[in-house]
Amino acid sequence: MKILKRRPRLLILLTVVAVVAVTVAMAIQANRMETLSPREERNRAAPEAGVPSGQVDCRKVKCIALTFDGNPGEPTDRLMDLLNQYKAPSTFFLEGRRIHKFPDVVRRIANGGHEIGNHTWTHPVLTDVSDAQIRDELRRTTRAIAGITGSEPTLMRPPQGRTDDRVSKVTEKLGMAQVLWTLTAKDYETDDTALITKRVLDGAGRDGIILLHPLHKGTVPAMPAILKALSKQGYTFVTVSQLLAPAKAEPGKIYK
C-alpha cells in the first residue's frame, strides 16, 4: 500500500523534472540561434553602397540605437519631447491591443523621424504558442499600425526575446526581421531612475541596441541623464534600420 501511495507522487515529480528539462533545452536552443550584428550586416554590403541621403553612416560614426517596447501610452509623448530635444531618432516596438486608444501618439512617432516595429498584439511568449497564433499576433498589430501610419512595419521584437526556428520561419513569411538587444536596463524590475541610468551608461557601446520600457515609472525620468551622457560620449542616435544601413534587415533573420 505504501508503494502504491508513493507512485503518484513519483510520477508528479518526474513530470515536473521533464517539463523543467524541456524548458531549459528550449532556452538553450534559442540562445544558440544565429544572431547578426549591425556591424556584420554593414560589412556584407558592397563597399560602394551608400546610406540614404541625409542619414549618418554608422560605418564612420559612433552610433547607438535606443529602442522602446510596449503600449503607446501617455509617457510616450513626454519621451518623444526628450528625444526631439537631443535629436535622437529611436525605434518603438508597439503592442497592438491598445494602439487604437492612442492614434495621435502613434502618428507622432511615425512623423517624428522615429521607427515603428511590431511587438505582437497581446505580448505572448511566441515559442509557447502555435504558428497560427504567432501569425495572428503579428498580422493584427501590423494592420493596426498600418491603419494609422499608412506603412507596415518590417521589424518585430519577440516578447522576452524568446524565439526559435519556428518563429523565424513565420516572421520570414510575414516579411519581418527580428530585433533583440545588446543591453537592457531591466527597468521592469525597478523604478530607481539612478539605477536605470547607471545600467544603460555602464553597458552602452558602439553599435549597441538598448532596450527600455516607457510605461515603467523610472524610465522616462531617467532619459534626460541618459541622453545627455551618451551625447557627451560622442554617440549619434539612430533607428535600428539606420544602424544597419547601407544593409537592410532580412525577413526572418535575428539582429542583435
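These legends go with a few close-up views of strands in a predicted model.

Residues are numbered from 1 along each chain as its sequence is written. Because the model is predicted, local features need pLDDT of at least 70 and side-chain atom pairs count only at pLDDT 80 or more, while totals for chains, interfaces and linings use all residues; side-chain values use heavy atoms, with hydrogens and water left out.

**View 1. Strand E7, residues 208-212, is tucked away.** Helices (H or I, at least four residues) and strands (E, at least two) are DSSP runs, numbered from the N terminus. Five of the five E7 residues are buried, so the rest of the structure largely encloses this strand. "Buried" here means under 20% relative accessible area (1.4 Å probe, protein chains only). Gly-208, Ile-210 and Leu-212 cover one side, and Ile-209 and Leu-211 the other.

**View 2. E7 pairs with E1 and with E6.** Strands count as paired if DSSP finds at least two bridges between them. E1 (residues 63-70) runs parallel to E7, with five bridges joining them, and Leu-66 has Ile-210 as its bridge partner. E6 (residues 183-184) is parallel to E7 too, with two bridges; look for Leu-183 opposite Ile-210. From E6, the chain goes through helix H7 (residues 193-203) to E7, a right-handed β-α-β crossover. Right-handed means that, with the strands pointing away from the viewer, the path from the first strand over the helix to the second runs clockwise.

**View 3. Strand E3, residues 115-118, is covered on both faces.** Glu-115 and Gly-117 are buried on one side, Ile-116 and Asn-118 on the other. Four bridges join E3 to the parallel strand E2 (residues 91-94), where Leu-94 sits opposite Asn-118. Helix H4 (residues 103-111) links E2 to E3 in a right-handed crossover.

Terms used:
Buried means under 20% relative accessible area, exposed over 50%, partly exposed in between (1.4 Å probe, protein chains only).
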